[in-house]
Amino acid sequence: MTFTEQLRQEAEPIFEAIMEHPFVRGIANGDVPKGAVTHYVKADFEYLNAFMHLYGIAVSKCHDRDDIEFFTQNIDFVLNSEVHPHHNLCEYIGIPYEQLQGYPLPPNADYYIKHMKHHAHEGNLGEILAALLPCPWTYLEIGNRLMEEVNPDTNHPFYTWITFYADTSMSNTTINLRERLDTWAEGASEREKEHMKEAFIKSCQLEWAFWEMSYNEQTWDLIPRASVASS
Ligand SMILES: Cc1ncc(C[n+]2csc(CCO)c2C)c(N)n1
């Protein structure tokens, strides 16, 4: 079994929980509360900005031109293509995309990005790859699962979103990241592999947490009002 096959096996319960999450079920059924979608797009716009920064940090740690090319192509893809699923969600809620940009990140999204930045700054290229991989991999599997389950036609409210993530460009990104991580793992110590596994599993959990944050419209008012008033 390759290293990334092992990671995927360990993360199976988290992938299943993501598939069962009410937000993802709502995408399948074409019915997600509009407040949840608004919350998601606001956070995800900033998430994509951070993701491009992370690819930039990865570039700064590359030794091979081939690796540099891979990461820069991915920055281009996030910048110019990942906006399509966002536009789909904006049409669904009936709010212009521009109005959903520039908001502070809610706690779970903030945590996710800081987790990836930690591995990007403190770790080697293998650790960055491990922290980034769940992003395309979980979305690819959501896209594929919903294609199988729903096989949406163009009238489905989330047709663009589902077909975008079930597309070959998403599987190419995932396969490419996996191959690079597997190659890195071949030359890595057990300790390094533990760090990569931890980075990967936490990112999978934080993918679930991002759906949860959006669905519950999580804010920084973490302390219940009653507790604040009585303290
Ligand atoms: C929370 C969250 N996780 C994953 C994605 C999907 N995604 C974001 S950037 C990217 C490209 C990777 O090269 C992919 C697939 C998202 N939009 N939001």
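These legends walk through a few close-up views of a predicted model.

**Before you start: how the model is read.** Residue numbers start from 1 along each chain, as its sequence is written. Because this is a predicted model, local features need pLDDT of at least 70 and side-chain atom pairs count only at pLDDT 80 or more, while totals for chains, interfaces and linings use all residues. As for that score, pLDDT is the predictor's confidence in each residue, from 0 to 100. Here the protein's mean pLDDT is 96, with 99% of its residues at 70 or more. For the complex, the predictor gives an ipTM of 0.98 and a pTM of 0.96.

View 1. Helices here are DSSP runs (H or I, at least four residues), numbered from the N terminus.

**View 2. Helix 4 against helix 12.** These two pack at about 130 degrees, with their axes 7 Å apart. The axes are lines fitted to C-alpha atoms over the stretch in contact, and angles run from 0 to 180 degrees between N-to-C directions. That makes helix 4 oblique to helix 12. Angles under 35 degrees count as roughly parallel, over 145 as roughly antiparallel, 65 to 115 as roughly perpendicular and the rest as oblique. Ala36, His39, Tyr40 and Ala43 in helix 4 meet Met213, Ser214 and Tyr215 in helix 12, where meeting means C-beta atoms, placed from the backbone, within 7 Å. This contact has 5 nonpolar, 2 polar and no charged residues.

**View 3. Helix 3 against helix 9.** The axes of helix 3 (residues 22-29) and helix 9 (residues 134-150) come within 10 Å and cross at roughly 45 degrees. So helix 3 is oblique to helix 9. Val24, Ile27 and Ala28 in helix 3 meet Ile142, Leu146, Glu149 and Val150 in helix 9. That contact divides into 6 nonpolar, no polar and 1 charged.

**View 4. Helix 7 beside helix 8.** With axes that come within 8 Å, helix 7 (residues 107-122) and helix 8 (residues 125-132) cross at roughly 165 degrees, so helix 7 is roughly antiparallel to helix 8. The crossing is left-handed.

Key:
Two residues are in contact if their C-beta atoms, placed from the backbone, lie within 7 Å. Ala, Val, Leu, Ile, Met, Phe, Trp, Tyr, Cys and Pro count as nonpolar, Asp, Glu, Lys and Arg as charged, and the others, Gly among them, as polar. A crossing is left-handed if the near helix is turned anticlockwise from the far one by less than a right angle, and right-handed if clockwise.
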